Amino acid sequence: MPVNVNEIIRKLSRAERKKVEDRAAELIAEEMSLRDLRKARKLTQTRVAKTLGITQDSVSRLEKRSDLLLSTLRKTVKAMGGEVHIVAQFPDRSPVLLSHLAEEHPRRKSSRRRKSESARLTRKIRKEKRGKGQEKDPTLS
């Protein structure tokens, strides 16, 4: 015969029911969307937007996204006063805190800029070699 969870809960003492309800609330609180998190922190989209240097509309769209860059998530949580930590869980070992995934790194130069700097440096080397009367290096042509 199937057992109804409500019947089981009704049979619990008041203290036991309270304990179950408290634990259920804890579990629900452990998982939040960015929107829920912002509201729990009592922050407005406008305030988060100002901290991030974006518009309120952008924060609204960000909260609706299901796929974010880690850097975007890190910046958003930081704007709310928190930090992001990513944990990998496996069935055969204890959880592992992943490092260097959500840290801020200096922006890399675009590949176009790197190529133009490389070409400029190559021209400079050629010019210096010609100025010293050296023959042309075929590898630099």
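1. A contact here means heavy atoms within 4.5 Å, and among contacts in the chain between residues at least 6 apart in sequence, 33% join residues at least 24 apart. The model is predicted, so that local features need pLDDT of at least 70 and side-chain atom pairs count only at pLDDT 80 or more, while totals for chains, interfaces and linings use all residues. Residues are numbered from 1 along each chain as its sequence is written, and side-chain values use heavy atoms, with hydrogens and water left out.

2. The secondary structure comprises seven helices and two strands, running α-α-α-α-α-α-β-β-α from the N terminus; helices (H or I, at least four residues) and strands (E, at least two) are DSSP runs, numbered from the N terminus.

3. Of the 141 residues in the chain, 13% are buried, where buried means under 20% relative accessible area, exposed over 50%, and partly exposed in between (1.4 Å probe, protein chains only).

4. The largest nonpolar core has nine residues, Leu34, Leu43, Val48, Ala49, Val59, Leu62, Val77, Ala79 and Met80, and helix H4 (45-52), helix H5 (56-64) and H6 each give two or more residues to this core. Such a core is a set of buried Ala, Val, Leu, Ile, Met, Phe, Trp, Tyr and Cys residues joined through side-chain atoms within 4.5 Å. Leaving aside neighbours within four places in sequence, alanine 49 is in contact with Ile54, Thr55, Gln56 and Val59.

5. Leucine 70 lies in helix H6 (residues 70-79) and counts as partly exposed because its relative accessibility is 31%.
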